[in-house]
Amino acid sequence: MPRENLNPFKIAQHYFQQAADRLGIDEGMCAILSTPKRSLTVAIPVRMDSGSYRVFTGHRVAHNMARGPAKGGIRFHPDVTLDEVKALASWMTWKCACLDLPFGGGKGGVAVDPHQLSIHERERLTRRYTSEILPLIGPEQDIPAPDVYTDPQVMAWIMDTYSMTKGATTLGVVTGKPFSLGGSRGRDTATARGVQVVLREACKDRKLSLKGARVAIQGYGNAGANLAKLLHEEGSRIVAVSDSRGGTHNPRGLDPAQLAAHKSGGKSLATFPGGKKITNKQLLELPVDILVPAALENQITAANAGRIRAKIIAEAANGPTTPLADEILFKRGRTVIPDILANAGGVTVSYFEWVQDFSSFFWDQSEVDRRLEGYMKRAYRAVAEKAADYRTSLRGGAYVLAVGRVVDAVRVRGIFP
Ligand code: NAD
């Protein structure tokens, strides 16, 4: 078994370089596009409730801003590193280009386990982090959003800290905000709804029916739990789900309402009484039609790709599949809907939120969902066409489409001065 490099930034650069080679992009342009435009690492001192102090490390990276301001979430997780944030920022560049949104790519993160903090400590951490990265962010520069273990409340604190410092309420500085603060209808379910739309398209292409399909979902947060609910409503059978502590499997199907009730008591899905306990690794290899990694990076690797039985893998998470695993799955005839397409519903509705904030005119949920479906379907078809043109996977097609669009923007703008 070849040893895999699991550094997410190296992986992101690998996928970029593949597309650059296909497009015949010259070395200079490759250097421009594979290097993040700017990275800031900050120390975040926080007064704990006990009166003591702790210092956390945070980052904010803007990868490329040729097509518009940087856009991308903020992650609070103990494993956050600068290389992970750089990878996530570059994936945002390609994702926004793939969906044809007028944004570049950015990302932020703080190495912290927010579950170990009180709500007051979390607020002080968020506000100090915001204050430290404040020179870089803004509605026309770089616009954060939620990611793993951050939510609308965290976005509200960021928006307030930014606004208090600038002396003016600035709704458009973050997306994924609560409705009472200029949030958009449909943002909470947007990532999942986007996955649902591209799954429908991929099922059509593979002559499968989403109705009745057996689905396993790894990760049960914003992306995973909302998707389980939407697919259940569509008639798919959710046979396995998991969170950070493990999962549950029931071949007859699991009811998302019961799973939500179990989780809302603070319990892990691993202890759900309506299924058999499984590990996160086991979940990936179950006999299902559709597998949705919706947690963290590097879950499907060369070590388990040969044992994945799903026909379609929809990457709700960013970077769940390593390049070697991707090749194995392609050779085995599996359809992988890549992250930069599959989970783009979140940033698409974030774009809608930003537009609504600028105009101070808000759309109803049906309008948001209708427009989202249009963006996702168009992007899926454009990606599938590129994949066919280049005789490659959907990932190969998505990168060719996205990298080509960013190269065009850089070329017509020119390099300053
Ligand atoms: P979240 O914080 O809402 O939920 C994360 C979930 O993953 C939780 O259920 C957690 O228990 C689980 N988890 C954590 N570590 C795990 C592990 N080792 N194994 C299995 N499960 C684990 O986060 P989210 O917003 O749903 O993000 C999940 C993924 O989706 C991330 O890769 C994120 O970058 C991606 N994503 C999210 C959005 C969005 O709008 N929220 C948009 C695009 C992509």
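Predicted model: local features only at pLDDT ≥ 70, side-chain atom pairs only at ≥ 80, totals over all residues.

Reply: Residues are numbered from 1 along each chain as its sequence is written, and side-chain values use heavy atoms, with hydrogens and water left out.

Me: Which radius of gyration does the chain have, and why does it agree with a compact globule?
Reply: The radius is taken over C-alpha atoms, and the globule rule is 2.2 Å times the number of residues to the power 0.38. For 417 residues a compact globule would come near 22 Å, which agrees with the chain's value of 20 Å.

Me: What percentage of the residues in the chain is buried?
Reply: Buried means under 20% relative accessible area, with a 1.4 Å probe and protein chains only. Of the 417 residues in the chain, the buried ones make up 58%.

Me: Why do the buried residues of H10 line one face of the helix?
Reply: Helices are DSSP runs of H or I with at least four residues, and strands are E runs of at least two, numbered from the N terminus. In H10, residues 323-331, the buried ones are Pro323, Ala325, Asp326 and Leu329. They line one face because, seen down the axis, with directions taken from the helix axis to the C-beta atoms, they fall within an arc of 155 degrees.

Me: Which helices and strands do the buried residues of H10 pack against?
Reply: Contact means heavy atoms within 4.5 Å. The buried residues of H10 pack against helix H1 (8-23), strand E11 (312-314), strand E12 (335-337) and helix H14 (394-413).

Methods. Buried < 20%, exposed > 50% of the residue type's maximum accessible area, 1.4 Å probe, protein only.
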